[in-house]
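Welcome! Have the sequence and the model open beside you, and let us walk through some of the details together.

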Amino acid sequence: MAEQELCDLEVRDLSRTFGNTYALKKVSFKILQGEKFALLGPNGAGKSTTLKLLTGLLKPTSGEIKIGGVDPSTKKARTIMGYLPEDASPYQMLSVRENLEYIGALREIENVKETTDHLLDFFDLNEYERSKVGKLSRGTTQKLALALAIIHKPKILLLDEPLNYLDIPTQEKVITRLNSLDVTVIVSTHIMSVASRLTKNVIMLARGVIRWEGSIDALRALGEAEEPIESIVARMMTSAP
Amino acid sequence: MHRKLFKFMLQTRFSKSLLVSTVGMLVIYCVFGSLAATNNLFDSSIFQYYGVGITIVMLSLAAFGGRIIITKADRDYLLTLPIEKKTLALNLYIVQIVSFLITNIMLYGLVIPAFLSAEASSYILLPINFVALTVLICSITVIANVLSKKMKIVLGGFLILWLLSALEGFPFTPGAIFMGNMLYGSAVLIVSALLSTVMALRELSNVEFRTAEKLAKMNSLDGKKNRTFDKLRPFWAVFFLNFFALKFSGAASAKSAKKSKWSVKITWLMAGSCILAVCYGLLLPYIGVMDNFMGDMGVVFLPVSLLYIVSFNFKRGLINERAWLSFTALDPRVYFRYILAANMLALITLFLPFAVTNIYLFFIGYQLALSAIISLLIIVPCSAVCTLYLATIVNPVQLKEGIPMKPTQTTLKQALKQILTFIPFFGSLIAILISSISPISVIITAIISLGLILFLSYSHYPWKTFTDKLTEKGFV
């Protein structure tokens, strides 16, 4: 029981097909409370599909997912999870504040107004408070999407390319903020530097199967002396299964 | 004219299946039109008014918001090619004419019976007028592009009055082709099309290209005041968002991208609804005194026209919804139930003034008004909500960057799927029309509609694969 409570996320023999194509094939991994993992892989590896399956937006073809010991479609799982998709697009017809307050209300958080004020401050969104999302730049939209993903103080954060479109100062601020959170994090990315700044462990996916799993230090140790980590990753991703 | 460039533009804008289905629609319209005209199947006055009305809409839209629309890919690639701007503009202008031709076939196809008569000359003039009208609309978009706002209003106002004059029997207006003055109307239309084309061609080098995304962004104004969702329970938050500001999805064309984000406060709509209901209540008895049959038809016509408006509005489904936010915050089944309830209540509230007018009409002797009340308060809202549900399930489209997929780029399969979303509309339409003969049918339809809505809202079955299907189709 104690082990189950410590284990935030468990995936067993997870497969998902689109038509006749396997996006994920018998993927299994376990993430303990507070661990930070990067899903690393080339385009089409199945990273985004994995996150959508974890959030319950997609149903697995076979296999099992447990979020905090329960199915992702349950209320408990929805309460403890925060999700940021790739190229996130909040409600276009609502303003920045309205988006935050609306999702705050749907998630039944207390002090919606205060939480919104805090997030607007933190992500420097105050000047866009009344701007409709359709008018924002991609960078500002990404900041809002990040704020929406953490508005309910989730215990598990699923982030798909979280630093996309952000300028360097904001990237640094977001990295510091995410690293300061005592939560379980899964970051999907194909950029090694993003993975190493936000996480300590890597699950390497290619063509829907796990190629390698372990810590970033262990990954670095797989290369030759002074071989850049990107080169090690590229070699492992393209090597035959 | 640059042959390769023109071919490229056509191929990137129109799918073959769309062109085939458009030609198919044209053939159906022509066969139906000629049969209707030669056998006097319909009272053509309905088509005449529709023809003038739709031309007013098209020409005034061209005058007020006219410009050559390009896609984002055009901006990034086409406009960077070493081709003179005038050549580009000329090709885009011709492609826009083709685009308008397709739209106009769909819009004007229904008025073919009004065009045609037993005379052979009407069959020759029909295609000529059709092309001339399309060229005129397209040329106005280019001419208006270089005008100031004031001049656009003057031009638009002039065109509206000019077309309206056809209803008073004035022959020297393009609108006259719909009202029986085929010869003068055609002459004026062809001359107007030629003149406007010459003027448009002269302005092509000054024309401004705008992407639909930019138009959508320009329209996305900052609000004066934020709505607050603080201290609202989930149901009230969804209700507040969907009830008090009824969203208008609009058509899915690049030209109308601006409209796709319209949301109108229900208070304004209610004010409009009350005024229209009063006018309706005063006018109908007046018409009924002159023509008994027309008075009765007026009672049936009201729910039919409202059904038409709301069905088109709701057939875009959850175009503005965000699954990654709402479906991860609430059970999708519960969330969608809240949306259905909010939209249905908004429509019932809007139709309430018309229902009150119908009670008055019933008491002054219009028996059909009782059926109309049931149609307005139950059948039409249920049909709209069913359309919303069906559109979401059958053909989910999500508005992400201010523009949905253009209809000119949809495949035949997608077009056929869109037709499926009209099932509730046609079902309700038939029920409302039959109610003028058998009032009991409206009660049966209302009971079935309510049962269907309750089933959709509370049954687990339709929702089993709902989120999965939406996500698989790219709805995030």
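What follows is a short tour of helices, salt bridges, backbone angles and a surface patch.

## How to read the model

This is a predicted model, in which local features need pLDDT of at least 70, side-chain atom pairs count only at pLDDT 80 or more, and totals for chains, interfaces and linings use all residues. Residues are numbered from 1 along each chain as its sequence is written, chains are lettered from A and ligands numbered from 1 in the order in which they are written, and side-chain values use heavy atoms, with hydrogens and water left out.

## Helix H7 of chain A

Helices (H or I, at least four residues) and strands (E, at least two) are DSSP runs, numbered from the N terminus. Helix H7 of chain A has 13 residues, 168-180, and at 1.5 Å a residue it should span 18 Å. The expected span is 1.5 Å times one less than the number of residues. The end C-alpha atoms of H7(A) are 18 Å apart, which agrees.

Which residues of H7(A) are buried? They are A:Thr170, A:Val174, A:Ile175 and A:Leu178; buried means under 20% relative accessible area, exposed over 50%, and partly exposed in between (1.4 Å probe, protein chains only). Seen down the axis of H7(A), these buried residues fall within an arc of 135°, so they line one face of the helix. The arc is that of the directions from the helix axis to the C-beta atoms. On the face turned away from the buried side sit the exposed residues A:Ile168, A:Pro169, A:Thr176 and A:Ser180. The cover over the buried residues of H7(A) includes strands S3 (36-40) and S6 (156-160) and helices H6 (138-150) and H8 (192-198) of chain A.

## Helix H5 of chain A

In helix H5 (residues 112-122) of chain A, the buried residues include A:Val112, A:Thr115, A:Leu119 and A:Phe122. Viewed along the axis of H5(A), its buried residues fall within an arc of 165°, so they line one face of the helix. Their cover includes helix H4 (96-106), H6 and H7 of chain A.

## Salt bridges

A salt bridge is a side-chain nitrogen of Lys or Arg within 4 Å of a carboxyl oxygen of Asp or Glu, and the structure holds 17 of them over all chains. One joins A:Asp117 and A:Arg97 (2.3 Å, N to O). A:Asp117 lies in helix H5 and A:Arg97 in helix H4 of chain A, so the pair ties together parts that are 20 residues apart in sequence. A:Arg97 is buried at 9% relative accessibility, whereas A:Asp117 is partly exposed at 32%.

Another pairs A:Glu172 with A:Arg197, with the closest N and O atoms 2.8 Å apart. A:Glu172 belongs to helix H7 and A:Arg197 to helix H8 of chain A, so parts 25 residues apart in sequence are tied together. There is also a network of salt bridges linking A:Glu10, A:Arg12, A:Glu64 and A:Lys66.

## Positive phi angles

Most residues other than glycine have a negative phi. In strand S1 (residues 7-18) of chain A, A:Asp13 has a positive phi near 50°. A:Lys26, in strand S2 (residues 21-32) of chain A, has a positive phi of about 50° and is exposed, with a relative accessible area of 58%.

B:Thr22 lies in helix H2 (residues 16-39) of chain B and is buried, at 4% relative accessibility. Beyond its neighbours within four places in sequence, B:Thr22 is in contact (heavy atoms within 4.5 Å) with B:Ile102, B:Ile105 and B:Met106.
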